[in-house]
Amino acid sequence: MEYEEKKGQAAVVCCSDGLGQQACRQTELLCRKLMAMGLEPVVSPCLARGETIFAGTAERRAHILLDCYRDPRIRMIFDVSGGNLANQILEYLDFDTIRAFPKPFWGYSDLTVLLNGIWTKTGNRGWLYQTRNLVQAYEEEQTIRFADTVFDGGDGLLPDDWEFIRGDRMEGVVLGGNIRCFLKLAGTEYFPDLTGKILFLESMGGGVGVTASLLAQLRQMGVFSRIRGLLLGTFTEMENSHACPDVRKLVLEAIRDYRFPVAATRLAGHGMDSRAIPIGARCGISAGSMQIFR
């Protein structure tokens, strides 16, 4: 798919673990894809890991990200990393700068901490999505859906297979992401106020015990007493192992005292077919549908 219109620059950064060889190769393909779509990629010098897991110091990674916000030519920021290290950079970020130059930040998994931290401090929206999905197994479909959402203002990149476990509709601002990474923000100034919000949760690793314990932590923090709805993505390890009890049973037990609606999708998480969750956006979710109220 080729786009003749030039659409500005897109930063490609790494705020979490440095990229290994395979991820670097995918990122090269992604840059070619972005160019074909009319976006000029601006690639961070701190992308690949060296002898350790780090791609530059936390302060260096934070300064690169801030430069991307300051640069008026950069239209959007794609973080192509994941892992464990994203929360290192929070203390080095100038949120006044991010607030003054709002632009969408895209990332998944460990970038949950930045998506929610940035929203908490600035109100800026972001996208829970691994942009390298544009050059993986479902490349053609992902590219079409990405273009529809990013360039045409559609909802094509949003999950459209929502199944309600409880209730039949919810509406509100969506926050959350990877459950383990989201809980890194607990007790910090970057944890969002979830009052009246919709919480989205997904996970790659973690069996029954780990997942049950993380849900218990959310319960004990009072999260379930404040939200108005809960969205579930994929919980990869539990699903691959056919865990018993499954994640839905664990969730229903954890929220047993509350009556808010709950819905699940197979199209948001760590799979190559995963679509995007708009973090900080007001959305309406009904059976088989998710819509952003722009």
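Reply: Asp257 forms a salt bridge with Arg219, and the closest N and O atoms of the two are 2.4 Å apart; a salt bridge here is a side-chain nitrogen of Lys or Arg within 4 Å of a carboxyl oxygen of Asp or Glu. Asp257 lies in the loop between helix H9 (247-254) and strand E10 (262-264), while Arg219 belongs to helix H7, so the pair ties together parts that are 38 residues apart in sequence. Helices (H or I, at least four residues) and strands (E, at least two) are DSSP runs, numbered from the N terminus. With a relative accessibility of 48%, Asp257 counts as partly exposed, a class between buried (under 20% relative accessible area) and exposed (over 50%), found with a 1.4 Å probe on protein chains only.

This is a predicted model, in which local features need pLDDT of at least 70 and side-chain atom pairs count only at pLDDT 80 or more, whereas totals for chains, interfaces and linings use all residues. Residues are numbered from 1 along each chain as its sequence is written, and side-chain values use heavy atoms, with hydrogens and water left out.

By the salt-bridge rule the count comes to 15. One of them joins Asp155 to Arg294, with the closest N and O atoms 3.0 Å apart. Asp155 sits in the loop between helix H5 (139-150) and strand E6 (163-166), and Arg294 in the segment after strand E13 (289-292), so this pair ties together parts that are 139 residues apart in sequence. Asp155 is partly exposed, at 26% relative accessible area, whereas Arg294, at 56%, counts as exposed. Another salt bridge links Arg169 with Glu171, whose closest N and O atoms are 3.7 Å apart; Arg169 is partly exposed at 41%, and Glu171 is partly exposed at 34%.

Helix H7, which spans residues 208-220, also holds Thr211, and Thr211 is buried, with a relative accessible area of 3%. A polar atom of the Thr211 side chain lies 2.9 Å from the backbone oxygen of Gly207. If neighbours within four places in sequence are left aside, Thr211 is in contact (heavy atoms within 4.5 Å) with Gly206, Phe235, Met238, Val247 and Leu250.

Methods: Polar contact = N/O pair within 3.5 Å; in protein donor to acceptor, adjacent residues only side chain to side chain.
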